Amino acid sequence: MSITPLSLPQPPQKAPEFGRDSLIVCESLVRIYQSGSVEVQALQGLDLMVDGGEMVAIVGASGSGKSTLLSILAGIDAPTAGRARVDRWNLLAMSRADRVHYRRHTVGFVRQQTAANLLPYLTARQMVDLPMTATRTPARVRRARAAELLDTLGVGDCADRRPAQLSGGQQMRVAIAVALANEPRVLLADEPTGELDTATSAEVFGALRNVNKQLGVTVVVVTHDPEVSGQVERTVAIRDGRTSSEVLRRTATRDDGGTHVIAEEYAVMDRAGRVQVPRDYREALAMTRRVRLALEADHVAIRPDLDGRA
Ligand SMILES: Nc1ncnc2c1ncn2[C@@H]1O[C@H](COP(=O)(O)OP(=O)(O)OP(=O)(O)O)[C@@H](O)[C@H]1O
């Protein structure tokens with residue numbers, strides 16, 4: 001049997017480092033929890049890249065590893081293996097002091113339970129002020145920044161209220177202001193609209209978009225809410241501790257001048273070139289163990305192995 005050699009384009013002399021220009025890079029990230037004699041693999045080789053200034057939604061079924069990923073990116077939890085870098089920080093090799101610095105300056109984190117983000121005896125203004133006192137920011141700068149952040153999040157008129165005097169949506173917006181107090185490059189939000197009704201969710205989500213667009217903060221938001229994930233330009237789906245697919249959305253102009261959003265689903269390829277073919281595609285063409293690959297001018301074709309079938 002003769003095999004026709006493929007004519008492949010010449011690869012670059014030296015491949016650039018994976019995710020070199022990205023602000024957040026996770027590669028083959030693994031997190032194993034040990035509870036007693038039982039091991040739970042919460043992340044099983046997850047790959048993710050996020051560029052500076054992006055707003056990305058992370059979606060996935062319960063238990064797929066979303067919160068684990070966010071805790072690692074927040075510097076609260078440490079990965080078991082793999083690679084994770086945010087800005088200049090290698091999250092697998094941080095000292096305790098590094099971790100404190102990273103959590104104070106590089107990332108802001110908003111927790112799932114609204115109340116867990118706030119202190120009941122402080123006013124909104126005092127809560128935004130608190131993280132800045134930890135970084136020894138001068139009082140004048142702290143005052144101006146707290147006022148500016150509460151305004152940007154649409155809760156400027158709530159500055160002197162305590163959490164019990166705020167609605168759920170206002171509490172969450174104050175929590176976002178607190179997370180942004182020390183001007184982090186990245187804002188991480190775990191289900192920020194999970195406890196809110198639809199209208200309030202839309203307000204909180206609008207506030208996150210505002211922060212992303214106006215302040216240029218990179219936002220990674222975990223959500224179950226299709227309304228939320230449908231509004232960001234990029235949604236990353238996690239399944240069984242791995243990134244399984246991404247949806248990219250862009251606005252296109254119709255012939256009549258109107259605009260509409262086009263959403264396209266992509267599979268995610270890891271550094272070794274592995275791609276998961278979705279189950280419904282495999283079943284539709286009865287693809288099982290072996291497939292035929294062919295390099296075409298502008299795509300790679302995958303065909304079922306008809307010869308090998310009994
Ligand atoms: N501290 C822990 N100890 C043991 N297992 C854990 C721990 N934290 C998470 N897990 C397990 O790791 C897996 C991933 O959990 P994780 O909370 O990251 O999922 P999730 O996608 O955020 O789920 P949900 O949407 O329900 O919040 C689950 O099987 C969970 O039970």
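Ala-286 sits in the loop that links α8 (279–284) to β12 (291–295); helices here are DSSP runs of H or I with at least four residues, strands are runs of E with at least two, and both are numbered from the N terminus. The model is a predicted one, in which local features need pLDDT of at least 70 and side-chain atom pairs count only at pLDDT 80 or more, while totals for chains, interfaces and linings use all residues. Residue numbers start from 1 along each chain as its sequence is written.

Although Ala-286 is not a glycine, its phi is positive, at about 50°. Most residues other than glycine have a negative phi. Ala-286 is exposed, with 10 other C-beta atoms within 10 Å; a residue is exposed with 12 or fewer such atoms, buried with 20 or more, and partly exposed in between, with C-beta atoms placed from the backbone. Glu-191, in the loop between β7 (186–190) and α6 (198–215), also has a positive phi, near 50°. Because Glu-191 has 21 C-beta neighbours inside 10 Å, this residue counts as buried.

Of the 310 residues, 33% are buried. The C-alpha atoms fill a box of roughly 80 × 55 × 45 Å along the principal axes. The UniProt annotation "domain: ABC transporter", from an unreviewed entry, covers residues 24–265; such annotations may be inferred rather than shown by experiment. Over this stretch the chain is 32% helix and 32% strand, and the end C-alpha atoms lie 21 Å apart.

Helix α1 (residues 66–73) is mostly covered, with six of its eight residues buried: Lys-66, Thr-68, Leu-69, Leu-70, Ile-72 and Leu-73. After α1 comes Gly-75, with a positive phi near 80°.

The axes of α3 (residues 124–134) and α4 (residues 139–152) come within 9 Å and cross at roughly 125°; axes are lines fitted to C-alpha atoms over the stretch in contact, and angles run from 0 to 180 degrees between N-to-C directions. The two helices are therefore oblique to each other, the class left once angles under 35 degrees (roughly parallel), over 145 (roughly antiparallel) and 65 to 115 (roughly perpendicular) are set aside. On the α3 side, Ala-124, Arg-125, Val-128, Asp-129 and Met-132 meet Arg-142, Arg-145, Ala-146, Leu-149 and Leu-150 of α4, a contact requiring C-beta atoms within 7 Å.

Notes
Contact = placed C-beta atoms within 7 Å.
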